[in-house]
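Have the structure open as you read.

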Amino acid sequence: MRWKLNSSVYKRMSSKELTTILNQDIENSAKVTSLQENGNPPWNLSLPHICVATLISFLFGYHVSVVNEPLESISLDLGFAGNTLAEGLVVSTCLGGAFVGCLFSGSLADGIGRRRSFQLSALPMIIGAAISASTNRLEGMLLGRFLVGTGMGLGPPVASLYVAEISPSYVRGTYGSFIQIATCLGIIVALFVGIPVKDAAGWWRMCFWIATAPATLLAICMEFCAESPQWLYKRGRIGEAEAEFERLLGASHVKAAMAELTRSDRGEDGDSIKYSELLYGRHFKVVFIGTTLFALQQLSGINAVFYFSSTVFKSAGVPSSLANICVGFSNLSGSIIAMLLMDKLGRRLLLLGSFIGMAVAMGVQAGAASLHHLSSGTIYLSVGGMLLFVLSFSLGAGPVPGLLLPEIFPNRIRAKAMALCMSVHWVINFFVGLLFLQLLEQLGAELLYSIFATVCVVAAIFVRKNVVETKGKTLQEIEVALLQTQ
């Protein structure tokens, strides 16, 4: 059954007027439709769209790790060997670009839609990678890395939105885990691609050229993917939203999906929300939960562990390249387990268990650091604690926040709220990377790891008190339930 409104009518009506007209017809017919439906919507209709969207997460992981192995060769070829500041800029310029891109991701996702935002994020990643691959100067490398960073900042928040909005509720957790898995695969592929760099002159250029292929594939394939029905509905394009629901869920589930969407939209106007509105009023609580989750995720020490892993493994006689691959596969293994458990155990339980496991692992690390004599037992304790920490992180603290936040944010604020939370993520990520080595030198490993363990305990308490379970619920059911509690 099609809605009996044409596009010219949509343009003349506000969102409230459309809601009033559609409410009675939708709610009455939704009851009939729900009786006709047998089971959940098919999972396979939305899967190809999810896979295309997670290409941005693969690119994110790839570009985070692409300079790890080739950095020495890059510095020699571009003439800044021994300049630690320049080497640090090559690594960290991406973070600055990501922060800039993240600031605009919410406005772009709301303004031009999710699909066009994906394509726009792919453009600087293609251009930036090409500049980095072909440059002969440090300035060109930094420009390329900054452009890539803007795409890294713009794309992942949109991916979290898109996956949450187009996935059937009963597999949304599983599909949301694809984002973390794709990121892990990107990291591992970058590490393997970088292995020949010490033996093949100029191989680092090929590492960057390779990155242009998945970015180009993302831009092309996204042209054939569905637009988010939630975004279309918010723009007043009701007929198009219905058509996309049919592509993603099947014709028999369209009526119920539209009924849920309309029910959650009652009382909301279609005007764009300002960032300042996220910091007060009825939306403050969910935004506070989102920003705090990302802050605690970064303050837990996960990036510090990644930065310090090569040193710990080297002390055990393990090459740095193998160390990075071990950490990468530990991350991937946990992400796959999280994918299998996300829609069975739920987001809240995985997040709680993850932070507790991270606290235990950091306690092991602190204990190993307190043993001043270096023995095989101490080394194995450090390596085991590190791998346990990464595994625990990938089971919940890694994949859950990016999935949970689009679920708990109302449709009207979802894009900009995600952009705000991801901005907090990038700022803290930057300062942890900047200050970690100094803190390690001044405080010592034992005290620093104890601080990280304490943060993980605080995070577990925060999750227990503030995070709601969203497993198996539609985005609209979650939104209505949260608004009723405020």
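## A buried glutamine

Q298 sits in helix α14, residues 284–299; helices here are DSSP runs of H or I, at least four residues long, numbered from the N terminus. This is a predicted model, where local features need pLDDT of at least 70 and side-chain atom pairs count only at pLDDT 80 or more, while totals for chains, interfaces and linings use all residues. Residues are numbered from 1 along each chain as its sequence is written, and side-chain values use heavy atoms, with hydrogens and water left out.

Is Q298 buried or exposed? Q298 is buried, because its relative accessible area is 4% (buried is under 20%, exposed over 50%, partly exposed in between, with a 1.4 Å probe and protein chains only). Leaving aside residues up to four places away in sequence, Q298 touches N303, H425, I428, N429 and V432 (contact: heavy atoms within 4.5 Å).

## The cores

The largest nonpolar core has 96 residues, and F118, L218, L293 and F409 have the most contacts inside it. Its largest share, 10 residues, comes from α21. A core is a set of buried Ala, Val, Leu, Ile, Met, Phe, Trp, Tyr and Cys residues joined through side-chain atoms within 4.5 Å.

As for F409, its contacts beyond four places in sequence include V286, G290 and M418.

L434 lies in α20 and is partly exposed, at 45% relative accessible area.

Note on methods
Helix = DSSP H or I, 4+ residues; strand = E, 2+ residues; numbered from the N terminus.
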